[in-house]
Amino acid sequence: MAVPSVAVQSRPSILSRLAESRNALGFGFMLPAAALLLVFLTYPLGLGVWLGFTDARIGRPGIFIGVENYEYLWSDSVFWLSVFNTLLYTVSASILKFVLGLWLALILNEKLPFKSFFRAVVLLPWVVPTVLSAIAFWWIYDSQFSILSWALQQMGLIDHRINFLGDPTNARASVIAANVWRGIPFVAITLLAGLQTIPQSLYEAATLDGASRWQLFRYVTLPLLTPIIAITMTFSVLFTFTDFQLIYVLTRGGPVNATHLMATLSFQRGIAGGQLGEGAAIAVAMIPFLLAAILFSYFGLQRRRWQQGGGD
């Protein structure tokens with residue numbers, strides 16, 4: 001009697017199992033992005049941290065000197081002035097951009113004629129290259145040919161031209177105003193996208209309960225917009241804190257270092273001055289402030305998730 005043959009099923013190969021695994025597929029899609037981050041972010045960051053512990057100069061690799069660069073910066077008055085300028089610049093500009101951007105987003109969220117046109121126009125300051133914006137502001141702030149001073153004189157508000165970029169106080173206010181003008185569109189459009197996701201039924205229910213416009217904003221709009229605000233303001237703070245082009249074109253840190261930010265001082269010491277180690281140390285000193293901004297966003301999102309009854 002013949003014995004029936006039994007079909008032997010071969011086990012799937014490792015490659016076929018990996019191809020069917022969602023985790024492996026996701027990891028494969030992330031590999032190109034991870035490689036780009038490794039080459040263009042991790043390596044420069046690691047090199048900058050290393051240079052901060054050396055006495056490297058342009059054209060000379062330098063040797064390891066420990067924390068001497070940081071000890072020098074600790075007693076450097078110009079460095080601490082740049083820290084003060086950076087914090088003042090970042091806090092002032094970020095608050096103004098948030099307030100004006102939220103106000104503009106609320107207006108653009110209303111039923112307005114030509115609403116799409118106005119939304120496109122609002123983006124113009126953001127899409128224009130930073131250098132071109134800085135050159136335009138340099139002309140507006142020019143000590144002799146300032147269109148702003150001319151307009152104020154014609155209206156009889158001032159009797160002499162304002163030295164916008166030559167006076168330390170005026171220079172600080174001028175660069176903050178320029179940064180606010182550039183940053184408002186990003187905040188406004190991002191918050192407007194968040195406003196579009198809030199269900200209208202919540203506003204209708206609150207209105208039926210007798211809520212005023214302020215109460216609608218305070219108890220409906222603002223709580224539901226918190227995650228978007230946290231992310232938007234984190235990016236806004238990061239962009240503002242690391243701003244370089246606007247300051248470099250307008251003032252190059254002057255007058256008398258009144259507008260020097262940590263980024264511009266790092267460039268001046270490291271590239272223009274040739275002290276790569278010292279410039280890298282200033283750049284590394286920016287990292288704790290940037291981490292603080294990221295943690296602010298993280299805990300803001302965690303707080304919102306807890307309010308919504310989320311878990312992890």
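An unreviewed UniProt entry places the feature "transmembrane region" at residues 24-43, 87-108, 120-141, 173-195, 216-241 and 280-301; UniProt positions follow the numbering used here, feature names are shortened, and annotations may be inferred rather than shown by experiment. The structure is a predicted model, in which local features need pLDDT of at least 70 and side-chain atom pairs count only at pLDDT 80 or more, whereas totals for chains, interfaces and linings use all residues. Residues are numbered from 1 along each chain as its sequence is written, and side-chain values use heavy atoms, with hydrogens and water left out.

The secondary structure comprises 15 helices and zero strands, where helices (H or I, at least four residues) and strands (E, at least two) are DSSP runs numbered from the N terminus. Two of the annotated spans were examined for extent. Residues 24-43 are 100% helix and 0% strand, with end C-alpha atoms 26 Å apart. Residues 87-108 are likewise 100% helix and 0% strand, and their end C-alpha atoms lie 31 Å apart.

Of the 312 residues of the chain, 34% count as buried (buried, under 20% relative accessible area; exposed, over 50%; partly exposed, in between; 1.4 Å probe, protein chains only). Among contacts (heavy atoms within 4.5 Å) with a separation of 6 or more, 67% join residues 24 or more positions apart.

The largest nonpolar core has 36 residues, of which Y89, L104, Y141, L191, L225, L246 and L250 touch the most other members; such a core is a set of buried Ala, Val, Leu, Ile, Met, Phe, Trp, Tyr and Cys residues joined through side-chain atoms within 4.5 Å. Two or more residues of this core come from each of α4, α7 (130-140), α9, α10 (200-208), α11 (213-241) and α12 (245-250). Helix α9 gives the largest share, 11 residues. Another core, of 11 residues, lies apart from it and includes V83, M262, A285 and M286. Leaving aside residues up to four places away in sequence, L246 touches Y89, T130, A134, V175, A178 and N179.

One cavity of 30 Å³ or more was found in a search of the whole structure. On a 1 Å grid over the protein atoms alone, a cavity is a set of points where a 1.4 Å probe fits but cannot get out, and lining residues have an atom within 4 Å of a point. The largest cavity holds about 50 Å³, a volume being the space filled by probe spheres set on grid points, which are joined across faces, edges and corners. Its lining consists of N85, L88, Y89, R172, V175, I176, I247, A258, T259 and L261. Helices α4 (77-108) and α9 (168-196) are the elements that give two or more residues to this lining.

Individual positions were also examined. R269, in helix α13 (residues 262-272), is buried because its relative accessible area is 15%. Residues up to four places away in sequence aside, R269 touches Y72, L73, D76, V78, G274, Q275, E278, G279 and I282. A230 belongs to helix α11 and is buried, at a relative accessible area of 6%. W50 is part of helix α2 (residues 22-51) and is partly exposed, with a relative accessible area of 47%.

Terms used:
On a 1 Å grid over the protein atoms alone, a cavity is a set of points where a 1.4 Å probe fits but cannot get out, and a pocket is an open set with protein on both sides within 12 Å along at least five of seven lines; lining residues have an atom within 4 Å of a point.
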